[in-house]
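Hello,

The structure I promised is below. My notes follow it.

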Amino acid sequence: MTESAGAQPLGRPGPNASPTLEQVARAAGVSRATASRAINGLPYVSEKAREQVAHAVEVLGYRANQVARSLATRRTGSIALVMSEPGNFVLSDPFFARVLRGIYSGLSGSQLQLVLLMTNEQDEDGFARYLCGGHVDGALVVSLHGEDPLPSLLVEAGLPVVLGGRPLVRVDAPYVDVDNFNGACLAARHLIDTGRTRVATIAGPADMAVGMDRLSGWRRGMAGTGFPTDAVAHGDFTVEGGAAAMRRLLESHPDLDAVFAASDLMAVGALQALQAAGRRIPEDVAVVGFDNLDIAATASPPLTTVRQPIEEFGRTMTWRLLAQLSGEAGLPPSILLQTELVRRDSA
């Protein structure tokens, strides 16, 4: 099969229509995949096909002049880090700071610039248009919720994408994740091994794979013990959310003697709520978190937690995207990083 089947007559769409990738491909006489690769400066596109696509882009006005300039230079020299969370949440959460540190480490020596984008509910369409508009060479997308259409939109636009975390919907994009399931299982079994019999959990958001996987892992760790698993409250990965969830658990299950919180920030909130209720830690209630953030070691008492390699997570995402941009073959569709239990005084 050849790349080019003969260019079709060109003509701009109507005044209210935006040209699509399919129209560019048809006008250039190439496949949709070839048009996408040419637009994104990827290898394995002939010079003739690249020139035909560049001409179609210019005539049709596809993504305006930004794409035409990208075709001329092949690269923008930048990648985007997309945080699917509001800015105030991202900037106050130490997890995202460490992810960012890992990404910067992964970009060392690449001469690529990093563009940081955070959710703006008032202009979600503009958010996607920017990413698909030839402004960046690729994107790292972190903290997806529910059936977020953004990854599919980016893939369909031909933009190289690596996802941080397992997506909840099927999308043809590689992802890097942490073994949340087995990490949570370790936490539950540790609490059982220390003699706890009424173990609760503060789970993460129900619309995120990380929240679902850590809840499932906790349930797996409790399986076969004969102890109940009905003491579940959801939080939002914040200290305040963890404290509120802990208060709900104490009200509905006053006999609980242990809690696994699906993040260190929620675990710190749980510590605060337990202490305010007069519960001693770990004598009355043992607490285990997840992340191994700096706050875990300085909490009162120091927090037993599940360590996830956060900076390695950022570096690995970056490596995977850069390898894709360089045309490296045989890349893994997914990468799973391991977790481990870090024992301190809270459990």
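Subject: what was found

The protein has 14 helices and twelve strands, where helices (H or I, at least four residues) and strands (E, at least two) are DSSP runs numbered from the N terminus. This is a predicted model, in which local features need pLDDT of at least 70, side-chain atom pairs count only at pLDDT 80 or more, and totals for chains, interfaces and linings use all residues. Residues are numbered from 1 along each chain as its sequence is written, and side-chain values use heavy atoms, with hydrogens and water left out.

Overall figures

Of the 347 residues in the protein, 53% are buried; buried means under 20% relative accessible area, exposed over 50%, and partly exposed in between (1.4 Å probe, protein chains only). Among contacts with a separation of 6 or more, 71% are between residues 24 or more positions apart, a contact being heavy atoms within 4.5 Å.

Helix 6 and helix 14

Two packed helices are described by the angle between their axes and the distance between the axes. For helix 6 (residues 94-107) and helix 14 (residues 310-325), the angle is about 40° and the axes are 7 Å apart. Axes here are lines fitted to C-alpha atoms, for helices over the stretch in contact, and angles run from 0 to 180 degrees between N-to-C directions. Helix 6 and helix 14 are therefore oblique to each other: angles under 35 degrees count as roughly parallel, over 145 as roughly antiparallel, 65 to 115 as roughly perpendicular and the rest as oblique.

On the helix 6 side, the contact is made by F95, R98, V99, R101, G102, I103, S105, G106 and L107, and on the helix 14 side by I310, E311, F313, G314, R315, T318 and L322. These residues divide into seven nonpolar, five polar and four charged. In that count, Ala, Val, Leu, Ile, Met, Phe, Trp, Tyr, Cys and Pro are nonpolar, Asp, Glu, Lys and Arg are charged, and the others, Gly among them, are polar.

Backbone geometry to check

Most residues other than glycine have a negative phi, and most peptide bonds are trans. The following entries depart from that pattern.

- I281 and P282 are joined by a cis peptide bond, with omega about 10°. P282 sits in the loop between helix 12 and strand 9 (286-291).
- From S300 to P301 the peptide bond is cis, with omega near -5°. P301 is in the loop between helix 13 (294-298) and strand 10 (304-307).
- Q111 is a residue other than glycine with a positive phi, near 65°. Q111 belongs to the loop between helix 6 and strand 2 (113-119) and is exposed, with a relative accessible area of 76%.
- S143, not a glycine, has a positive phi of about 70°. S143 is in the loop between strand 3 (139-142) and helix 8 (150-156) and counts as buried at 9% relative accessibility.

Two buried residues

S263 lies in the loop between strand 8 (258-261) and helix 12 (264-276) and, at 3% relative accessibility, counts as buried. A polar atom of the S263 side chain is 3.1 Å from the backbone nitrogen of M266. Leaving out residues up to four places away in sequence, S263 touches F237, G289, F290 and D291.

R50 is in helix 3 (residues 47-60) and counts as buried at 7% relative accessibility. The C-alpha atoms of R50 and R37 are separated by 8.8 Å, with the two residues 13 apart along the chain.

Regards

Definitions and conventions. A polar contact is a pair of N or O atoms within 3.5 Å; within protein, one must be able to donate a hydrogen and the other to accept it, and residues adjacent in sequence count only if both atoms are side-chain atoms.
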